[in-house]
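Hi,

Here is the structure I promised to pass on. Have a look at it first, and then read my notes below.

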Amino acid sequence: MGEKDQKLEGGDAKLLIEVEGLQLRPIGSDEPVLRGVDLNVREGDFIGIFGESGCGKTLLCLALSGVIPNNIPAELKGRISYSEELLTQSGVLGVGLVFQNPEYQLLSQTVEDEIAFGPSNLGWDEEDIAEAVSWALKSLGIEHLRDRRIDTLSMGEKQRVAVASVLSMRPKVLILDEPTAYVDPQGCEALLESVRELNEKFKIAVILVEHDLQLLARYARRTYKLEDGRLHEVDVRVEIAKNPSSTADFSGSSPASGKPLIKVENLSFAYQGDLFVLKDVNLEIHQGECVAIVGHNGSGKTTLAKLIMGLLRPTEGRVYLGSREISGTKPEELAHLIGYIFQNPDHQIFAGKVYDECLYGPRNIGIPESRARKTVASLLSQLHISHLGDREPINLSYGEKRRVNIASVLAMETEVIILDEPTCGLDHVNIRRLGELIKRLNRQGKTVIVITHDLDFARAVSHRIIKLERGKIVEHVRAKSSSPLVRLDPLLKLFISLLLILTSFAVKRVEILACINLLLLLAFRLGRVPFNKIMPVWKRFLLGYPAMVLIFVLSQGVGEGLFNSLVFILRFQIIFLFNLLFVYTTDTRRLTRALMRLKLPYFICFMFSTIMRMIPLLSEEARRVLDAQRCRGFRVKRLIYPRNWLPLVLPMLVTTLQRAEQMAISMKLRGFKMG
Amino acid sequence: MRLRPFSVAELSFISAMIAMDFGSGFVIKPLLGATGVMNVIRLDMILPMMMLLVTRLVVDRFGTLILYEGVWGLLASMALPASYGLPGLLKMIPAIAHGLTLDTLMSLFRNYHRLRLAVTGVVGGAVNTLLLMLVRIAFGMPWSKATKVFLGVNLATGALVHGIAVVLAILVWRGIGSSVWVKRIKSWKAETPNY
């Protein structure tokens with residue numbers, strides 16, 4: 001420990017948080033998870049904390065930030081005391097907390113609004129808010145992102161915005177709970193370098209909770225291991241020496257041989273138009289080989305895996321499994337051949353017991369019950385979760401759920417196994433165990449594809465590493481339009497909408513209604529809304545019109561029926577076209593602000609804004625849940641029976657509950673009040 | 001009597017459920033559409049109804065579903081041109097009425113989960129169909145004629161869909177009702193912090 005470090009740890013630096021004998025039993029747990037934690041946090045500290053999955057690291061973060069027990073109740077003994085400097089007049093503690101997944105901590109639609117959210121809640125005046133926003137942006141080196149929409153940022157950028165949004169409230173303590181879990185190595189380095197600068201320049205105390213011991217060794221001045229519910233101060237370099245790598249080194253084992261099992265030929269994929277995520281990818285993977293696919297966030301790693309699994313249809317090119325072409329084959333038809341382990345275990349967990357969860361896939365693809373049970377028991381044992389067999393999977397820790405998730409897919413005994421970011425949320429012991437399991441699978445002749453941004457893990461487990469570079473930026477940025485319709489006040493548009501509705505119902509003359517229709521179509525040109533965007537929605541209604549004509553003719557006779565049906569269709573068109581025009585030419589941020597001008601209660605406007613941001617995120621989560629279950633043999637046609645909705649609905653709801661809590665914590669820590 | 005305000009966690013949860021309601025619709029509807037079953041029965045209505053019921057079970061207080069439906073209606077009036085068969089902000093009327101009906105029904109038989117879900121689902125579904133028809137007629141919507149013709153069929157299929165939603169809500173509640181996540185949202189405290 002250097003001289004500087006000793007000084008920081010010594011009496012000169014102000015004591016900010018003092019934890020003495022903290023015991024904490026959260027809801028749903030029979031025993032305390034923390035059993036006597038002692039910790040002093042001083043100004044300028046950089047503390048590292050690590051420990052096995054489920055040991056209580058996140059609980060400790062929530063307790064240090066005051067969320068437990070002030071918002072989330074828990075049985076708490078011992079003492080946490082805060083220095084007066086941390087207690088603000090607004091009642092918000094000067095402790096910032098950033099979680100591993102930035103998605104659900106970001107509540108606004110643009111970067112600037114997001115960073116201003118906390119200071120605004122604290123009631124700062126405009127000038128101070130602007131200054132705080134500029135300072136936070138500059139401190140994190142993200143000034144260039146100020147006007148960007150949150151949904152156009154990469155994961156690394158989002159995580160830095162999450163830190164900036166906490167920083168703008170000028171906290172004295174910054175807690176980072178596995179902030180690098182979803183960020184690629186470059187993004188991770190940029191983030192932690194900025195944090196180190198803040199720590200050194202402004203003496204902000206930092207508590208970094210991290211699985212990666214190398215990162216802790218590089219950044220933290222004091223390191224603690226959370227074990228048996230207590231913090232033990234350790235020399236992280238000694239810990240690294242005990243575990244030379246967080247993964248086992250398997251390079252050179254089980255060489256690949258024979259004909260390629262998977263062959264990818266000139267594969268290209270574009271989600272939209274000519275925005276190619278993958279372009280002309282050629283790849284051969286042999287039986288028994290372990291191939292790691294690495295690259296930055298957004299480089300197309302997961303897309304490539306999804307194309308192999310049949311979750312996406314290639315725009316160009318082909319995928320072969322053995323001699324069979326599988327491009328475009330449904331994932332449920334490939335479920336007995338390829339197993340896909342998704343990044344987020346919550347996307348597939350739904351059963352009441354771990355054991356049943358693991359049997360779901362094998363049952364779907366028709367593996368005999370006795371064999372499936374034997375395999376599941378063996379896998380649970382290999383992954384050291386046999387003791388969890390009868391537990392409810394949704395109540396397990398993230399790392400435990402991750403292992404259940406891996407066991408449930410491996411139990412399907414597929415020839416090919418794809419693991420998407422398998423180390424995410426696992427501590428080094430479990431990463432090592434996972435590495436050993438992959439090695440065993442390779443020895444059994446299984447082909448493994450690992451998608452990861454953890455280069456160390458990739459080097460350790462794979463025979464070959466394939467690096468995907470982001471050929472093109474895969475951000476979908478809505479084109480800024482200078483169209484007058486886009487600039488029009490959303491409230492005025494709402495008023496016009498109401499006027500049009502009333503007019504269309506007051507008027508029964510076909511020529512006037514037709515004229516309004518024409519004007520609206522012209523407005524689409526004016527608003528620069530491409531017709532190919534509205535056609536898919538419009539087509540559905542166009543198909544329904546003949547039925548309406550028939551109903552009118554049958555009920556009113558030919559003459560009157562035809563006339564009335566024409567009036568009906570023209571009226572309907574007016575409402576429908578204007579609504580579409582409104583959706584495509586109105587920015588949600590401007591709409592939220594317009595609603596605030598209507599003097600609607602603040603919390604309703606806030607809900608509106610949050611929902612608009614969350615719809616695409618939760619829609620994506622719902623899709624992942626569906627993909628995860630299809631890869632385990634779930635068939636859509638079974639949805640006719642309500643019981644079969646459960647594998648889809650339960651994970652969706654659990655995800656929603658978790659996201660809601662994360663959002664609530666983020667809102668609370670940033671001073672949100674219901675007034 | 002002054003009603004307790006929603007806690008931040010309750011508000012976040014209701015927002016997240018509304019977002020999931022919209023979000024899952026984008027995923028489930030095309031799937032069901034491909035099976036052809038939607039030509040016979042609106043199975044896509046199961047999920048939103050089940051979500052309403054589960055939302056009320058998690059945030060078990062009068063007003064939850066009025067808020068849910070009110071915000072949903074506000075969003076739908078801008079983003080879903082054809083929902084409820086009513087244009088623009090007019091959707092808010094049946095949406096809030098639906099929320100009010102369900103909230104009232106869910107306030108009955110509080111100690112009997114299955115019974116309250118069944119009553120809310122079936123009675124609420126029927127009331128909703130009738131309410132919607134009344135609103136359409138009251139506003140002179142041209143398709144109110146078609147609504148009247150199909151009222152019987154609508155009532156029957158509506159009851160079936162709501163019945164399935166109730167069964168699903170019971171199964172879902174069995175799965176998550178005692179989970180840590182639900183307990184934590186329910187017990188989230190809103191008092192002034194005590195540091």
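**A hairpin in chain A**

Let me start with one residue pair: Glu227(A) has Arg230(A) as its bridge partner in strand 9 of chain A. Before going on, please keep in mind that this is a predicted model.

That pair belongs to a hairpin made by strand 8 and strand 9 of chain A, with 2 residues between the strands. In the turn, Asp228(A) has a positive phi of about 50°. Strand 8 and strand 9 (residues 230-234) of chain A run antiparallel and are joined by 5 bridges. Strand 8 of chain A also pairs with strand 3 (residues 46-50) of chain A, this time in parallel, through 4 bridges. Here Phe50(A) is the residue that stands opposite Lys225(A) of strand 8.

**Aromatic pairs**

Strand 3 of chain A turns up again here. Over all chains, the count of aromatic pairs is 4. In one of them, the ring centres of Phe46(A) and Tyr219(A) are 6.5 Å apart and the planes make 25°, so this pair is stacked. Phe46(A) sits in strand 3 of chain A and Tyr219(A) in helix 8 (residues 213-219) of chain A, so to speak bridging distant parts of the chain, 173 residues apart. Both partners are worth a look for burial. Phe46(A) has a relative accessible area of 1% and is buried; Tyr219(A), at 4% relative accessibility, counts as buried too.

Trp135(A) and Phe202(A) form an aromatic pair as well, with 5.1 Å from centre to centre and 85° between the planes, which is edge-to-face. Helix 5 (residues 126-139) of chain A holds Trp135(A) and helix 7 (residues 185-202) of chain A holds Phe202(A), so the pair ties together parts 67 residues apart in sequence. How do these two stand, buried or partly exposed? Trp135(A) counts as buried at 19% relative accessibility, because the cut-off for buried is under 20%. Phe202(A), with a relative accessible area of 40%, is partly exposed.

Next, look at the open sheet of 5 strands in chain A, which has the order 15-16-17-12-18 and parallel pairing. Its edge strands, each pairing on one side only, are strand 15 (338-341) and strand 18 (464-468) of chain A. On average, neighbouring strands in this sheet are turned by 15° against each other, direction ignored.

Strand 12 (residues 290-295) of chain A pairs with strand 18 of chain A over 5 bridges, in the parallel sense. Within that pairing, Gly295(A) has Leu468(A) of strand 18 as its bridge partner.

Helix 15 (residues 428-443) of chain A packs on it and touches strand 12, strand 16 and strand 17 (447-452) of chain A. The direction of helix 15 makes about 150° with that of strand 17 of chain A. Helix 14 (residues 398-410) of chain A lies across strand 15 and strand 16 (416-420) of chain A, and runs at about 170° to strand 15.

**Nonpolar cores**

The largest nonpolar core has 135 residues, and it draws on both chains: Ile17(A), Val173(A), Ile18(B), Met50(B), Val172(B) and Ile176(B) touch the most other members. Helix 1 (residues 8-35) of chain B gives the largest share, 15 residues. Leaving aside neighbours within four places in sequence, Ile176(B) is in contact with residues of both chains, including Ile394(A), Leu650(A), Leu657(A), Val54(B) and Val182(B). Another core, of 41 residues, lies apart from this one, with Ile142(A), Leu153(A), Leu208(A) and Ala220(A) among its members.

**The two chains overall**

- Chain A has 24 helices and 18 strands. Of its 675 residues, 58% count as buried. Chain A exposes about 27400 Å², with 53% supplied by carbon and sulfur atoms.
- Chain B has 8 helices and 0 strands. Of its 195 residues, 60% are buried. The accessible surface of chain B is about 7500 Å², and 68% of that belongs to carbon and sulfur atoms.

Best wishes

Notes
Residues numbered from 1 in each chain as written. Chains lettered and ligands numbered in written order. Predicted model: local features only at pLDDT ≥ 70, side-chain atom pairs only at ≥ 80, totals over all residues. Heavy atoms only, no water. Pairing = 2+ DSSP bridges. Axes fitted to C-alpha atoms, helices over the stretch in contact; angles between N-to-C directions. Contact = heavy atoms within 4.5 Å. Core = buried A, V, L, I, M, F, W, Y, C linked by side-chain atoms within 4.5 Å. Buried < 20%, exposed > 50% of the residue type's maximum accessible area, 1.4 Å probe, protein only. Areas by Shrake-Rupley, 256 points an atom, 1.4 Å probe, with all protein chains shown as cover. Phe/Tyr/Trp six-rings, centres within 6.5 Å; stacked < 30°, edge-to-face > 60°.
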